[in-house]
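Trainee: Could you walk me through this structure, one question at a time?

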Amino acid sequence: MNTDPHDRRTFLARIGLLGAVAGAGALLPGAVASPGARAASGARAASDPLLGLVNTALAELARDTLNGLAVFVVPGPDAYSAAQGTRRDEPGAMEANTPDFLIESLDNYVPVPDQLAGPLASALANGLADVDVPLPDGLRPLPTGELLDLDQAVRTLLRNDETVPLSLVIALLLNSLATLVNPAAVGGAFLSPFARLSFAEKAEAFRMMEEPAAGLVSAIDDELSGPLQGTASGLLEFIAGALLEFSAFGTYCESSTFDPASLSVTSTPVGWRLSGYDPGVIAGWDEFQGYYQGRKEVSAR
Amino acid sequence: MRDVIVIGAGGGGAVVAKELAAHGLDVLVVEGGPRHAHPRQEWSRLENDANNPLTGYLRVGQADRSKPAAYRELPQNSFLWQVSGVGGTTQHYFGNSPRAYPGVFAGYQGPDTDMYDVQHRFPFSYSDFVPYYEWAEATLPVHTAPVGTKESVYLRGCETLGLPVQDTKTTLGPSYRPQENAILPPGGRAGLTTDPAELRHPTSTGCTFCGHCFQGCAAPIDAPRNLFAKRSTDNSYIPMALTADAWSPGGKPITLVTDATVTKVRTERDVVRGVTWQDNATGEVSSEDAAVVVMCGGAVETPRLWFNSELPNPNDWVGRGFTDHYLDWTFGLFDSDVGSSKGPSSAARTDYPGYGMNMNVGLMPGIEAFAMTFSDSGIRGHYTNGRGLTGPWDGETGRLVGPELKDVLMHGLDRILNVVSIVDDDVTADNRVTLSALPADENGAVPKVRFVNRGRSKRSVRNREFLAHRAAELLRGAGATKVYRMDWPALPLHTHSTMRMGHSEADSVVDQTGETRAVKRLFIADNSALSNAAGGPNPTLTTQALATRTSEHIFQRYFGGDPWVRSQAPTVSTDGRVTRRLSELGL
């Protein structure tokens, strides 16, 4: 396992966490500034305030990353769409609450076993830190001791399968790829390096998942247990497709304004407005025009 | 001790249950998903509520939708679209009920005989099978589809292709036609009104053109269950099975257990003894013995159960030979309304025996957007995954993402006409279901569905290219101003032949009667038993005809009965005796 402080700083920056903690740290002053010596004393307790802080930061990071994903598929008038260079006047994925749809689906309903999510997160934490990325000045520099503390907190969280939401695994993946596509994405607006990419750069990140580089595949495969080794490339292909397709489906379906009690929508969903879809009264349309060539029945032959 | 236990109440299992219940056998049906007893109160008929594969009421998983869906490993770019529950995948099907092409059956001697999957034909002739088609067609019943705007536009495109119209049940050559479908035709005010007061049964009967076939059919309002327009088996065969004593002399109603997953088929010295199942909600385990067991869980779940039951697999063909019609998607933009979101989801088609078929499809916007982002050719304009196919469509194949996706859908859902190409794909040993090495769920090891996207046979690729070209020509002929082709990766929603029936012991799991070669008194009567991809036509009617045929063999071989299809007249599932008994039972 890589423990060099410089590499770990790079890794934390690349997944977006350095920036995320810097933001969250402002809300909880002093939380990160725990004694660096504690890093050497073994695993952290669940009650450790740093773990809580990092957990919160990781959740915000995941949401920021999925904002960047959702507008990649359906851009709108928001800042994320503007940042990728495709701002639109009409509403898009942000207005359809697609990031909520993705997070809810990924974390609560995608039955990906921890045995898959855990190794994937771990691979991203350990295996992709090799590429050196110059850190921009804007990132709050952490003293080495605090950096190691933070790094260990991340490792603790990622090692504990039950606490790794799938939305975070996806965010780690997208952000790691983002800094491979454009190393400068480690710094700038937003928390997520992926959200900082241009539209073409985001497409390139998806190319890397669909045509996975050998290094990425082997890094993930190395973390998978025996019978699962060799599945990384197929897994990446599947994830890449599912992220795009689910973002599209989530934006154009009724999800954001659906009321389960009445089994209907409370207002016209964004996707219906965008596509001009009209469900009418649901129960039927005046669309019957007759029978082709007047034939209501074919011969028995 | 039951006479027969049927595992799965979907497109095939419901047929076996009804046919054998009609002849007085004591039949227990165990279904892994829910029974939707009151669809009009339970179903919004909106696509996320219905079709979300994780949370929708038409998903694969237990009845409690607050619990995760069942996980199936897909180690490639692909999407497996099945449905559990009474009715199975027929709950979201479009009701299309064409017959398979004669060329996929034994003994075919037409001039195009070499055009088919010649190594994997059905082990009996088309003419021998026709009575079973006729029986299922009369039971469902199957009708010639009416025409709405999207059919008019599609058929207008067909008229430019130089093909004849098919006006027979049997497809005799390249041709086009309205679908033959298992949807009751519009009657009364149905199809002529948007007034909810008039859309009630019996003022309206049959199809109301609501546009929600894929979200489950609950039309018309107030119709008795067996008079719902679409003849998914929860509306047709299962109501008949539950009321068998009311319409069949000597008939015996089935026992139906739902939201309970069979975890083991029990055998003794390669003879079936019974099954063990688990209640999904409580975990309670039950077990019953039976003289005959019929596996009908579908092309993924049946091999899974076989493996988890540790049944013999001497020729290693269990789970192999998965055909999925190698689907592809082409769509056109039009300057005028083509009515995509209204009417039966697909009611017109073009048949190309030896290649497969094309048909129109209308969807709601979420699944339309899914269809437009689903590709094996990367993101259009950015990368191609080594594909990016060109042809009579505009630009390269690939995913529509970002501004392009938005612009296309802002053109208007009802100004987009979709054509799905349904390919006569080859039985290929490497496309298969195995058990996943990922952790088991509460019902045992989960299935892994492997499709080699780039390893399709030359004939399958040839057929798909042919159909995609014809689809683009049709759309241009119909007036499309711009045509897109997607190049979908594997989308198994037509799933067949993983437990295939065949002549040869070397490459089949069941013999020509539907009985498994390895275990006596164990039959398979779902779409996994199909010998091949049926030539491309939608498979459900062929599965149902085959399940009828297999039911006769069960009755003859193990219960000393006589076959009935050639000697009796079928009862239609809309029969008033079924309606009355359902009412008496509060169903």
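What follows is a set of questions and answers about this structure.

Trainee: Before we start, what kind of model is this?
Mentor: Residues are numbered from 1 along each chain as its sequence is written, chains are lettered from A and ligands numbered from 1 in the order in which they are written, and side-chain values use heavy atoms, leaving out hydrogens and water. Local features need pLDDT of at least 70, side-chain atom pairs count only at pLDDT 80 or more, and totals for chains, interfaces and linings use all residues, since this is a predicted model.

Trainee: What percentage of the residues in chain A is buried?
Mentor: Buried means under 20% relative accessible area, exposed over 50%, and partly exposed in between, with a 1.4 Å probe and protein chains only. Chain A has 301 residues, and the buried share of them is 56%.

Trainee: How do the residues divide where α3(A) contacts α8(A)?
Mentor: The axes of α3 (residues 49-73) and α8 (residues 166-181) of chain A come within 9 Å and cross at roughly 65 degrees; axes are lines fitted to C-alpha atoms, for helices over the stretch in contact, with angles from 0 to 180 degrees between N-to-C directions. Contact means heavy atoms within 4.5 Å, and the residues making it include A:L58, A:L61 and A:A62 of α3(A) and A:I170, A:A171 and A:L174 of α8(A). Ala, Val, Leu, Ile, Met, Phe, Trp, Tyr, Cys and Pro count as nonpolar, Asp, Glu, Lys and Arg as charged, and the others, Gly among them, as polar. The division is nine nonpolar, three polar and no charged.

Trainee: Why is helix α9 of chain B described as largely enclosed, and how many of its residues are buried?
Mentor: Its buried residues pack against α11 (232-252) and α12 (270-275) of chain A, together with α3 (47-51), β12 (328-333), α10 (403-410) and β15 (416-423) of chain B. Among the buried residues are B:I367, B:F370 and B:M372. Helix α9 (residues 365-373) of chain B is largely enclosed by the rest of the structure because the buried count is nine of the nine residues.

Trainee: Is B:C217 buried or exposed?
Mentor: B:C217 sits in the loop between β7 (204-205) and α6 (237-242) of chain B. Leaving out residues up to four places away in sequence, B:C217 touches B:W43, B:Q91, B:F228, B:A229, B:K230 and B:N235. Its relative accessible area is 12%, so B:C217 is buried.

Trainee: What is the relative accessibility of B:R2?
Mentor: B:R2 is placed in strand β1 (residues 2-7) of chain B. Beyond neighbours within four places in sequence, its contacts include B:D26, B:E288 and B:D289. B:R2 counts as buried, with a relative accessibility of 14%.

Trainee: Which residue does the cis peptide bond join to B:L140?
Mentor: Omega of this bond is about -10 degrees.

Trainee: What is the relative accessible area of B:H325?
Mentor: Phi of B:H325 is near 70 degrees, a positive value in a residue other than glycine. B:H325 is in the loop between α8 (301-308) and β12 of chain B. B:H325 is buried, with a relative accessible area of 0%.

Terms used
Helix = DSSP H or I, 4+ residues; strand = E, 2+ residues; numbered from the N terminus.
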